[in-house]
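I opened this entry to keep track of what I looked up.

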Amino acid sequence: MDPLETMKRHYQRRDLAARAWKERGGKVVGYVGDEVPEEMIRAAGFFPFRISGDPWDGTEEADRYTEPFYDPSVRSMLNMLLTGRYDFLDFLVVPHSSDAVLRLYYHLRDIQQMDSALKLPDLHLFDILHTRFWMTGLYIRDRVREFKKKLEAWSGKELSKEALSQAIAVGNENKNLLMKVSDLREADPSLLSGVDALQVIGSSMVMPKEEHNTLLRQFLSEGKRVLGDPPMLFVEGSSIDNLQFYELVESCGATIVAESHDWGNRSFDDPVDPTLDPLEAIAERYHLRSPSPRMHSIGRRVAYTVERAVRAKSRGAIFFFLEWDSAPAWDYPDQKKALEEKGIPTLCFETQKYLLSDADKTQMKTKIKQWLETISRPCGK
Amino acid sequence: MTQSPKQGDPNRPGNPAESGVSREGRTTKQLKSAVEAAAFQKEWFKNTRQRLSDGEPFVLANADTPHEIFLAMDIPVVMTQWWSAIISAKRLSPVYFDLMNERGYQRGLCRYCALPLACAMDHNPERAPWGGLPSPTLVLARLTCDALTKVFERLAREYKATFFPLEHTAPTSSYPRWWEGIKEHWDDIIEPHRLDLMVEELKALIRFLEVTTGKTFSHARLMDIMELINQQEEYYKKTRDLIAATVPCPVSLTDQIAGTMNAQWHRGTPWGLQNARMFYEEVKERVEKGDVACKNEKARLMWIGPGLWHNTAFYRHFEETYGAVFVCSIYLSLAADGYARDFSGNPLRALASRHVSITEFMYHRDWLLKEAKLHGVRGAVIIVSKSCVRPVGGAVGWKFVQMAFEAAGIPVLPIYSDVVDAREWNDAEVTAEVSRFIEEKVLARAEA
C-alpha cells in the first residue's frame, strides 16, 4: 500500500495498530499529550498510544462530571474513556501538562472510586513541571525514575538501559525523518499539504515506531508533486487533533507549512541526546523541550513562534484558539506584534468550537479568503 | 456609623477591607474588629507607600504564596487577590478589563488573578484605588494554572519588576480527612517530594531576597511568626465553631469575611493576633447577648468559592426576603482548619506544608461537606467562573462537590459569574435564580 495512504489510514483509524497489538497479546499504555516519555513505554515492552478526543463523538457521559467550559478535546477524551472507546488500554499515563489534563486524571480517579464497576485503565500521574530551572529539572528527573518503577511494576520486569537506548534511537530516527517531512512542507513551493502532514505526524503517535519509520523512509524516497504556489501559512494556538481546520484553510487556496502545536511539528522537536545516560537524557529532553502554549512563559513562546514561522518562510500566520482553552491566548498579543514586525501578517480565530458547524466554516472561509487576498507576494517571486 | 454608599467610594460595603452598608443604603450591623481591620489595612497601605518612596523593596504576590518569608525579612507584601477585591469593590474592573481587551487580550481570559495586571496596564494612579499600587520590585506566584506564569510575567514587565515563580506540584494523594491531622501530622499527610521541592524553592527565594535587598532572613523571627499564626488561627477556629453552633447565626457572611481576611493578610504579626482575638470576643459577646445577623433566620446556606467582591451586599437580600442566611464560606473555615502547623525544629518545611496544598484543601469536597454539616446548612451556592480553572470557584470540578452535597441531602445551586468582573453580573437574573433555589429546594424541603 502507498505509505502516505497507510499513515493516513492509521491517523483516521487511530486504534487500528493498538487493537492489533492487543489481539496479539501485547499490552497498551495510553498517554495524553506529548509530555509523557513514550520512549520509556516502548522500552518496557508496551505499545504507547497517544489518546485524543473526537469532535464527532458526544460528551454525554463526561457532562455528568464536567461543565461545558472545559478544554473540549480533553472533555471528549474523558467521554471516550467512560464510554469504552478506549477499552483496549491497559494503562493510562496522564501528565501535568495543562489544567484540563491534570483534572482528567483526578476526574478518572474520582469516578473510579465512585463507580468501581466501571472498567478504566490503571492510572499514573506524570507530574511534569514547566519552568526551566535546574531545581525543576531535578524534580522531573525524580518523576522519570518514578515512572520507570511504575513501568517495571506493570511489566513485571526491569527496564534495562540497553532497551531504553534502543527505544531512544528508534524515536530519534522517527523525529529526524519527520524533520525531513517538515522540509518538504517548507520547500518553496511546498511539496506536501498541511492536511497530509498532520496525518503523517499524527500517525507516528498511534503506530509502532519502527513501522512508522519504514513508512516514512518509503514516503520520503518517492518523488513529490509540487502543490502549485499557494500562500504558505503558519498555524499557532490551541492543539489541533483533527483535520477540520486544516482542510478549511487549505480549501481556501493556502498551504499550512508549519505549526507550533503538539499534533504537528512541535511533537518532533528536540531529539533525546543519545550521548548521555538514557534516563538522564530523557529527563532533560522532557524538561527543556520547546515550549507548549500552556504553563510556559510568553517570552519563550514568542521567540519559538517567530523562529518557526520565519524558518518555514510563512507568508502569514493564523491563530486558532479553541473555546475554553484560554492559556494560549495570553501569548497572542505579543506573538502577533512580533510576527508582524517580521513582516508576517496574522489572522485570529478566537473561542472556536471543537466541532465546527457548517455555519462556522462558511464564516471562517470568508474571513480566510479575504485575508489571503491582502497577503502580498514575497519579494523576488 | 451611618453613611451613604457611593460607587467608587473605598468605604463602600462588601470589600473585605471595608465597612458594611447595604446597597439599599441601610446601615448594617458591623463588627468593630472588621471596621478596625479595614482602617488598619488602609493606614498600613498609606505608610507602606511612604516607606517605599525611600526605595524599599516591595512584593506583589498571589494569595497562596508564603508571605511569611517577607514578614520575616521586613519586606512589605500585598496580595493580588486583595488588590483585585479592592479594585472590584470600587467598580473599576469593567474599565480595566475593557482596556485590556482593547490591547488585544481576549475577553474570555481569567480575571481574578489578572485584574492587577489590567490595572497596571493603565499606568494611571489617579484612576486606581487608593492612588494605585506602588511599583513592586518582585512579583511572586505559584504556578497553579496554565496561565499564571503568563499573567505574572506580563505583570512583572509592566512594573519592571522581577518575576519569581514557585512551582505547583500535583498531589497524588486525595488527602482524605486532611483537616483532622494537618496541624500535627502535616509531614505524613503531604507527599514528601512535594514538600522537598517547595522547601528548596523557598530557600532559593530567601537567598535571592538576601542578595537583592541586602537584608538577612531571620530564622528566629520565622519561628515567632509561625507561633503567632498558630495562636491567631486558633481564634478563627473558636470563632468558626461558635458561629457554626449558634442559631440564628450571630454574624453576617460579609462581616465574617471582612473579619477574617484583612487580619489574614497580616497573619504572623501581633496586630493580626490581636484582631483575631477581638473578632472572636466580639462574636462571643454577640452570641451571649443574642445578637443575630438575621432575626428571621429560617434556613442556613453556604457560599462556595471566592467572595463576590463586586457585590457582597448581594447576600443581604435573601436574609431579608426569605430568612435565608449565608453562614459560612471558605474564608473563615480555611483559617480555622487549614493554617495552623506544629513546626518544632523545621518552621520552613511547616510553612511549605501550609501553602503547597492550600488549593486542594480549600476545594476538597469532603471538607466542604464537613463544613456544611458543621454549620447546619440546608443549601449551598457555588460561584462558577467560566474563565477560571480552579477546582470549585472555577469551571472544573464543582460537579463532584455537588454530587457529594446532594448525596448528603444538601441541594446545590451553581451560579455562573466572575467574582471580580462586574460586566458578567446580572443582578436581577442571579437574584431570581437564587430566590427560586431557596423557595423550591431549600425552604420547600425544610417545610416538607
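My notes follow by topic.

**Ground rules.** I am reading a predicted model, where local features need pLDDT of at least 70, side-chain atom pairs count only at pLDDT 80 or more, and totals for chains, interfaces and linings use all residues. Residues are numbered from 1 along each chain as its sequence is written, while chains are lettered from A and ligands numbered from 1 in the order in which they are written.

**Confidence.** I started with the predictor's scores: ipTM is 0.95 and pTM is 0.94 for the complex. Then I checked pLDDT (the predictor's confidence in each residue, from 0 to 100). Chain B has a mean of 90, with 92% of its residues at 70 or more. Residues 1-27 of chain B stay under 50. Where pLDDT is low, the predicted coordinates should not be read in detail.

**Chain contact.** I counted contacts as C-beta atoms, placed from the backbone, within 7 Å. Chain A gives 35 residues and chain B gives 34. On the side of chain A, the elements with two or more residues are α6 (99-114), α7 (134-155), α13 (298-311), α14 (332-341) and β8 (346-352). Helices (H or I, at least four residues) and strands (E, at least two) are DSSP runs, numbered from the N terminus.

Buried means 20 or more other C-beta atoms within 10 Å, exposed 12 or fewer, partly exposed in between. The core holds 249 residues, and A:Leu104, A:Leu233 and B:Ala380 touch the most other members. Helix α9 (residues 219-245) of chain B supplies its largest share, 9 residues. Beyond four places in sequence, A:Leu104 is in contact with A:Val32, A:Val74, A:Met77, A:Leu78 and A:Val94.

I followed A:Val32 to its bridge partner in β2(A), A:Ile51. Strand β1 (residues 28-32) pairs with β2(A) in the parallel sense over 5 bridges; pairing needs at least two DSSP bridges.

Why is β2(A) largely enclosed? 5 of the 5 residues of this strand (residues 47-51) are buried, so the rest of the structure largely encloses it. I checked both faces: A:Phe47, A:Phe49 and A:Ile51 are buried on one side, A:Pro48 and A:Arg50 on the other.

A:Glu38 lies in helix α3 (residues 38-43) of chain A. I found A:Glu38 buried, because 22 other C-beta atoms lie within 10 Å. A:Glu38 touches A:Tyr31 and A:Pro48, leaving out residues up to four places away in sequence.

Notes: Two residues are in contact if their C-beta atoms, placed from the backbone, lie within 7 Å. A nonpolar core is a set of buried Ala, Val, Leu, Ile, Met, Phe, Trp, Tyr and Cys residues joined through C-beta atoms within 7 Å.
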